[in-house]
Amino acid sequence: MTTETITAAASGSWTLGDLVVNRIGFGAMRLTQNGEAFAADACPSDRGRAISVLRRAVELGVNHIDTAAFYFSSLRSANELINQALAPYPDDLVIATKVGPGRDPSGAWLPHATPEQLRGQVEENLRQLGRDHLDVVNLRIVGTDSIAERFGALAELREAGLIRHLGLSNIRPHHLAEAQAIAPVVCVQNMYGIGASPEQEAFLRTCGEQGVAFVPFYSIAGTGRDAGATTTTNNSQVHAIARVHGVSAAQIRLAWTLHRGPHVLAIPGTGNPDHLTQNVAAGTLRLSEDELAALDGLQHETA
């Protein structure tokens with residue numbers, strides 16, 4: 001598969017509120033360190049390489065970058081790398097960030113933010129990114145409790161002009177309904193990939209029916225999660241289809257994800273320029289009905 005001239009535009013586009021993005025984007029979580037994300041002993045990434053990857057992503061047509069202030073290693077901050085690499089920002093670049101979780105300077109996780117603390121997290125993202133407003137802010141949560149107060153606090157910041165659009169991360173269907181009663185929701189970020197449960201599949205369809213973008217995380221890593229893809233997440237059937245197309249298993253996983261609906265956006269992350277090119281190129285892969293059926297059959301097994 002030739003990848004040299006393939007750009008993110010080949011994956012198609014979706015509109016987040018009033019912002020048009022290509023369906024292949026870029027996730028910044030792995031940009032700040034080598035090895036497992038958030039690991040206390042992770043080796044910081046090479047600054048020059050990280051900056052070159054970000055600039056190359058934009059050159060390849062990526063106009064949707066997912067980040068967070070809590071994406072940092074001992075020497076690197078994803079937001080500050082994005083700022084240094086890409087400011088002044090292209091007019092069509094959409095930067096989505098997340099609030100809710102937080103880490104102290106040592107990297108230890110803090111309790112999730114209260115409604116009162118969310119403004120400080122929004123302002124931290126604004127400062128690090130060098131923006132006067134944030135394109136998309138996702139409220140990331142843990143658990144099943146009501147999000148009304150927290151989402152309401154972000155809705156107030158949206159009304160104040162600090163946030164353009166709101167999204168949700170790591171949620172259940174009832175959270176989406178609760179949030180939509182307060183303010184418009186343009187996207188949902190949830191774990192999803194080959195091996196998804198029937199409940200996850202149903203929620204993806206619900207988002208599509210409501211015109212809400214569905215943005216999977218760990219679509220390549222699967223059960224490897226923060227540590228990245230492992231041998232257990234690269235099923236033999238995925239490898240067999242990858243060999244037929246002359247691509248990597250990761251590219252097949254991305255292509256399968258994009259086939260789930262026009263509202264599904266991919267945000268694969270990497271600090272490797274070659275992997276970046278391959279990820280973008282996955283947007284052109286067209287899987288046959290038989291291939292899709294074979295991969296669909298893996299959904300309820302261990303991915």
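**Notes on the predicted model**

1. In this predicted model, T97 stands opposite V137 in β10. The two strands concerned are β7, residues 94-99, and β10, residues 134-140, which pair in the parallel sense over 4 bridges.

2. That pairing belongs to an open sheet of 7 strands with parallel pairing, in the order β3-β6-β7-β10-β11-β12-β13. Its edge strands are β3 (26-27) and β13 (213-217), each of which pairs on one side only.

3. On from β10, the sheet continues to β11 through 6 bridges, and the two strands run parallel. R140 has S169 in β11 as its bridge partner. S169 in turn has Q189 in β12 as a bridge partner, and β11 and β12 are paired in the parallel sense over 3 bridges.

4. How many residues of β10 are buried? The count is 7 of its 7 residues, and the strand is mostly covered. For β12, 4 of the 5 residues are buried, so this strand is largely enclosed by the rest of the structure.

5. Helix α4, residues 148-159, lies across β7, β10 and β11 (163-169). The helix runs at about 160 degrees to β11.

6. T67 is in the loop between β6 (64-66) and α2 (78-86). With a relative accessible area of 0%, T67 is buried, because the cut-off for that class is under 20%. The side chains of T67 and N79 are joined by a polar contact of 2.7 Å. Apart from neighbours within four places in sequence, T67 is in contact with A28, A78, N79, I82, I95, A96, T97 and K98. This list includes T97, the residue opposite V137 in point 1.

7. The whole structure contains 7 aromatic pairs. One of them is F38 with W109: the ring centres are 5.1 Å apart and the planes are at 65 degrees, so the pair is edge-to-face. F38 lies in the loop between β4 (33-34) and β5 (43-44), and W109 lies in strand β9 (residues 109-110), so the pair ties together parts that are 71 residues apart in sequence.

8. Are the two members of this pair buried or exposed? F38 is buried, at a relative accessible area of 19%. W109 is at 46% relative accessibility and counts as partly exposed. The value for F38 should be read against the cut-off, because buried means under 20% relative accessible area.

9. F38 and W109 also belong to one aromatic cluster, together with F70 and Y71. R103 lies over the face of W109, at 5.5 Å from the ring centre. The charged end of R103 also sits over the ring of F72, 4.1 Å from its centre.

10. A further point concerns Y192 and W256. Y192 is buried, with a relative accessible area of 2%, and W256 is buried at 0%. They form a stacked aromatic pair, with 5.7 Å centre to centre and 15 degrees between the planes. Y192 lies in the loop between β12 (187-191) and α6 (198-209), while W256 lies in helix α8 (residues 249-258), so the pair ties together parts that are 64 residues apart in sequence.

11. Which residues does L295 contact, leaving aside its neighbours within four places in sequence? They are I194, V238, I241, I252, W256 and L287. L295 itself is in helix α10, residues 289-296, and is buried, with a relative accessible area of 0%. L295 and V238 are 57 residues apart in sequence, but their C-alpha atoms are 7.2 Å apart in space. W256, one of the residues that L295 contacts, is also the stacking partner of Y192.

Key:
Residues are numbered from 1 along each chain as its sequence is written. This is a predicted model: local features need pLDDT of at least 70, side-chain atom pairs count only at pLDDT 80 or more; totals for chains, interfaces and linings use all residues. Side-chain values use heavy atoms; hydrogens and water are left out. Two strands pair if DSSP finds at least two bridges between them. Contact means heavy atoms within 4.5 Å. Axes are lines fitted to C-alpha atoms, for helices over the stretch in contact, and angles run from 0 to 180 degrees between N-to-C directions. Rings of Phe, Tyr and Trp (its six-membered ring) pair if their centres lie within 6.5 Å; planes under 30 degrees apart count as stacked, over 60 as edge-to-face and the rest as tilted. Buried means under 20% relative accessible area, exposed over 50%, partly exposed in between (1.4 Å probe, protein chains only). A charge sits over a ring if NZ of Lys or CZ of Arg is within 6 Å of the ring centre and within 35 degrees of the ring normal. A polar contact is a pair of N or O atoms within 3.5 Å; within protein, one must be able to donate a hydrogen and the other to accept it, and residues adjacent in sequence count only if both atoms are side-chain atoms.
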